[in-house]
Amino acid sequence: MEEAIANAEKTAAQFAKNSHSTLDKIITADQGLFSIDNRDTNTPCIKKVRVVTTITYSLKD
């Protein structure tokens, strides 16, 4: 989760920079899909976890 938030912030900061704005605070944050699956058929004891997080930031001019 921490890594997902850091990646979202990095992407939002780049978007803000490209639009000549500055990144402001988080407006909303939602965690949607969460799944745990076997990595593959040969190693069922090793799991692959997928979490989808949507974060909405505000921008300032």
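Of the contacts (heavy atoms within 4.5 Å) in the protein with a separation of 6 or more, 55% are between residues 24 or more positions apart. This is a predicted model, where local features need pLDDT of at least 70, side-chain atom pairs count only at pLDDT 80 or more, and totals for chains, interfaces and linings use all residues. Residues are numbered from 1 along each chain as its sequence is written, and side-chain values use heavy atoms, with hydrogens and water left out.

**Overall shape and layout**

- The protein has 1 helix and 2 strands; helices (H or I, at least four residues) and strands (E, at least two) are DSSP runs, numbered from the N terminus.
- Reading from the N terminus, the order of the elements is α-β-β.
- The radius of gyration of the protein is 16 Å, while a compact globule of 61 residues would have one near 10 Å. That radius is taken over C-alpha atoms, and the globule rule is 2.2 Å times the number of residues to the power 0.38.
- Along the principal axes, the C-alpha atoms fill a box of roughly 50 × 20 × 15 Å.
- Buried residues are 13% of the 61 residues; buried means under 20% relative accessible area, exposed over 50%, and partly exposed in between, with a 1.4 Å probe and protein chains only.
- Accessible areas come from the Shrake-Rupley method with a 1.4 Å probe, and for residues only the protein chains shown count as cover.

- If you like to check backbone angles, look just after α1, where His20 takes a positive phi of about 55°. His20 is a residue other than glycine, and its place is in the loop between α1 (2-18) and β1.
- His20 is exposed, at a relative accessible area of 71%.

- Ser58 lies in strand β2 and is buried, because its relative accessible area is 17%.
- Leaving out residues up to four places away in sequence, Ser58 touches Thr22, Leu23, Asp24, Lys25 and Ile27.
- Ser35, in strand β1, is buried as well, with 19% relative accessibility.
- Beyond its neighbours within four places in sequence, Ser35 is in contact with Lys48, Val49 and Arg50. Val49 belongs to strand β2.
- Thr41 sits in the loop between β1 and β2 and is exposed, with a relative accessible area of 76%.
- The C-alpha atoms of Thr41 and Lys25 are separated by 43 Å, although these residues are 16 residues apart along the chain.

**Salt bridges**

- Side chains of opposite charge can pair when their charged atoms come close.
- The protein has 2 salt bridges, each being a side-chain nitrogen of Lys or Arg within 4 Å of a carboxyl oxygen of Asp or Glu.
- One of them joins the side chains of Lys60 and Asp24, at 3.9 Å from N to O. This pair links distant parts of the chain, with Lys60 in strand β2 and Asp24 in strand β1, 36 residues apart.
- Lys60 is partly exposed at 43% relative accessibility, and Asp24 is partly exposed at 32%.
- Another salt bridge brings together the side chains of Asp40 and Arg39, at 3.6 Å from N to O.
- Asp40 counts as partly exposed at 31% relative accessibility, and Arg39 is partly exposed with a relative accessible area of 46%.

**Nonpolar surface patch**

- Met1, Ile5, Phe34, Ile36, Val49 and Val51 make up a nonpolar patch on the surface, and together they have about 550 Å² of accessible area.
- Patches are made of residues with over 30% relative accessible area and no salt bridge; like charges are joined within 9 Å, and nonpolar side chains (Val, Leu, Ile, Met, Phe, Trp, Tyr) within 5 Å.
- Strands β1 (22-38) and β2 (47-60) each supply at least two residues of this patch.
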